[in-house]
Amino acid sequence: MATTLKATIFIFLLLLPFCYPISWLALGLTNSRLDRGRPAVTCRNLTGLTRKQTRFCKRNFELMDSVQNAAFNAAAECQFQFNKRRWNCSIIDPVSLKVVGDVVLRQGTRESAFVHAISSAAVAYRVTRDCARGMNDRCGCDYSKNDTSAQHRSQYQYQGCSDNVKYGIAISREFVDAAEQKQRLANGTTITHPDSVINLHNNRAGRQVLEKALRRECKCHGMSGSCEMKTCWDSLPTFREIGLQIKDKFDGASEVRVVDEEKKGQIVMKNSQFKRHTNADLVYMAPSPDFCEADPSRGILGTRGRQCSLSQNAIDDCQILCCGRGFEKKVELVDDMCNCKFHYCCRVDCTPCKKRTETYFCL
Amino acid sequence: MRAALHLLGLFFGVSARDSLPPYNWLTLAFVGHHSSDFRQPHGVTDREHFRDICRRLDGLNPVQKTLCAEHPFAIPYVARGVREAIRECELQFKFERWNCSSRDEVTTTPHGRFQDILGKTLRATTKEAAFLTAITSAAIVHAITKGCNTGNLTECGCDSKPGMQRYVDTETINPSPVSIGRDQFSWGGCSDNVPYGIKFARKFLDDWHHQQFEEGDKDVAHLIRKHNNFVGREAIAQNIRKQCRCHGVSGSCEFKTCWLQMPKFSNVAETLKKRYDHFSVQVTKRANKRLRRKERNERKIPLRGNEMAYVQRSPSYCEANATAGVLGTTGRECRHNSLNSDSCDLLCCGRGYNTRLVVQRTQCDCKFVWCCEVKCKQCTEEVSIHTCK
């Protein structure tokens with residue numbers, strides 16, 4: 001039974017369309033604005049969407065601007081968080097607008113976990129924010145907390161425009177999770193591929209960061225802002241902060257494996273000595289490659305030519321980043337201004353001078 | 001693990017036994033303080049007895065062996081100094097990628113098991129070797145001076161001419177209003193005999209490198225060792241303080257007796273760690289007479305006593321490397337919310353960490369019950385411990 005199952009999975013894998021679960025991130029690089037006049041055609045022509053996602057696009061066309069921005073934000077944040085590491089999150093080919101990086105996308109590595117979490121968080125974040133700003137007709141602020149019960153009345157009232165995180169998360173779940181395709185077996189039943197189980201988990205973990213990050217903000221009213229009355233609302237922090245938190249989760253990600261249980265994948269810890277992962281933790285299955293040498297077929301660019309630093313206790317230390325291949329020093333004389341003086345009024349006199357800068361690059 | 005190391009040692013013992021183990025006087029750390037070897041035998045002092053014991057200390061170089069035979073009672077103090085140096089080194093580097101550890105090779109010699117403790121790090125010319133050299137040299141000065149002070153070493157005692165030493169006068173730095181105009185004092189008490197400690201340490205550590213360099217082995221490593229030994233000695237010599245006690249009616253400071261005191265060893269270690277962090281100077285690979293800075297436009301400036309010298313850039317200490325004796329940071333405990341070098345991000349070199357839940361039992365809600373007992377409850381607390389992958 002098990003062997004036939006495996007065989008069918010294998011056959012199915014071969015038949016899979018050329019579309020990775022995260023291909024939709026390429027949306028962030030299409031600089032053309034979505035054509036509002038012809039939603040159906042525009043949606044069909046977008047690169048990287050699965051069939052389910054295209055259907056989502058047609059039904060929720062006004063949200064696609066947010067999704068597109070989210071894809072851009074996710075990729076940018078990923079590159080910010082990883083800019084000093086061997087893998088610097090170069091996942092989208094700017095020319096072909098296709099997502100590169102087989103390793104990241106298909107093998108259930110730690111890096112893949114990060115990308116999934118950040119992208120699903122980005123969609124939820126962008127949609128929530130755009131709703132609060134009134135850019136979509138479908139959604140607005142979250143007024144569910146604006147209760148007028150006597151309990152809080154003495155202290156403050158929820159009356160402001162709270163970020164509607166629930167809506168954003170729901171949209172993200174619908175769109176991002178739609179990238180994971182179920183597999184239909186020969187006998188008509190569907191199963192979820194182990195990689196998909198992991199991806200869905202990480203998508204959820206990413207979105208959960210938003211819920212936890214909601215913060216109450218208040219404004220005082222009354223005479224000279226004497227706080228006789230307060231209005232409060234819940235608001236999300238900047239996306240940078242969300243990115244930082246997900247990066248923290250990346251560092252502490254748990255290595256797991258997926259076991260089949262009644263056609264539903266269960267995630268179990270690989271090493272039972274360590275703390276069991278929770279819904280909020282990132283999980284991964286495959287160890288990451290070292291990302292040292294370029295391997296275009298696997299989407300690895302290598303670290304040749306990357307800038308590194310000489311300080312010993314850094315993550316971009318030349319020793320680590322260059323994988324022991326060594327590095328070269330580039331000395332440059334940069335034009336600068338010296339001995340600047342302020343003359344009354346209003347002139348600043350400087351003497352031009354040269355400044356020596358040293359930068360280091362991996363061989 | 002131990003057994004494996006031992007087997008490794010045996011293997012090397014068979015293959016490379018023709019050559020003696022490398023000189024590494026840190027192996028003295030294994031000579032116990034109460035080691036009966038260095039007790040005075042009953043009756044006469046038996047020179048032959050000590051010479052034999054000293055010959056069996058494999059890590060010592062010829063100069064050190066002679067010195068050992070001449071001053072056998074100083075050796076337990078040196079050994080204690082080494083242990084203290086290693087302990088302080090481990091404390092200072094607890095939260096860094098190199099935590100003062102190395103993969104020690106173990107060999108068997110005719111005189112027993114030889115563990116080349118920290119040897120690979122020490123024989124390199126990195127910043128870490130510089131620190132290790134300096135702190136052990138300071139430790140010898142400290143331990144020998146202590147020995148003189150307590151009267152356990154026969155050849156030295158308290159300093160009889162403390163006025164000849166360099167020292168920091170705390171009172172002239174921030175004079176208190178009472179003491180102005182009353183700076184009359186006389187030396188008294190027991191001043192630390194740092195000059196003797198320094199002389200001993202110089203003989204014990206520098207002489208052999210000096211000889212080697214003069215006799216034609218123009219390896220810059222000798223000069224570097226000598227310089228970093230000097231840095232270690234200076235860390236003590238520059239921080240000797242004058243301590244005073246007031247006398248007169250109700251301690252009115254009519255007159256004072258003062259004595260000199262060297263800094264605590266933990267303070268010396270801190271000073272040296274600062275030098276390691278901020279005052280390490282890269283020097284050229286070759287030298288004819290003295291060390292020269294690698295920086296071209298600073299070549300003429302001689303190295304100062306607070307600057308550690310090194311040649312090789314340090315490895316990252318991230319991955320284990322048997323030939324360099326590096327253990328790597330896998331399995332090291334890290335801190336999740338730290339921004340310093342002990343943060344999981346930096347210590348684990350980006351590899352991530354595992355989390356374990358450990359139940360800690362502590363005594364809590366303690367109450368004093370008359371009389372006389374303290375009753376506590378047992379509390380259990382779950383702590384997560386992060387270790388590098």
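Predicted model: local features only at pLDDT ≥ 70, side-chain atom pairs only at ≥ 80, totals over all residues.
Good morning. Strands here are DSSP runs of E with at least two residues, numbered from the N terminus. Residues are numbered from 1 along each chain as its sequence is written, while chains are lettered from A and ligands numbered from 1 in the order in which they are written.

Strand β5 of chain B covers residues 256–261 and runs parallel to β3(B), to which 3 bridges join it. Two strands pair if DSSP finds at least two bridges between them. In chain B, 3 strands form an open sheet with mixed pairing, in the order β3-β5-β4. Which strands stand at the edges? They are β3 (185–187) and β4 (241–246) of chain B; each has a single partner strand, so one side of each is left without a neighbour in the sheet.

I turn now to the contacts. Two residues are in contact if their C-beta atoms, placed from the backbone, lie within 7 Å. Between the chains, the contact takes 14 residues from chain A and 19 residues from chain B.

Finally, chain A is assigned domain 1 (2–300) and domain 2 (303–363), with bounds from an automatic or database domain assignment. Where these domains touch, domain 1 of chain A gives 7 residues and domain 2 of chain A gives 6 residues.

Key: Helix = DSSP H or I, 4+ residues; strand = E, 2+ residues; numbered from the N terminus.
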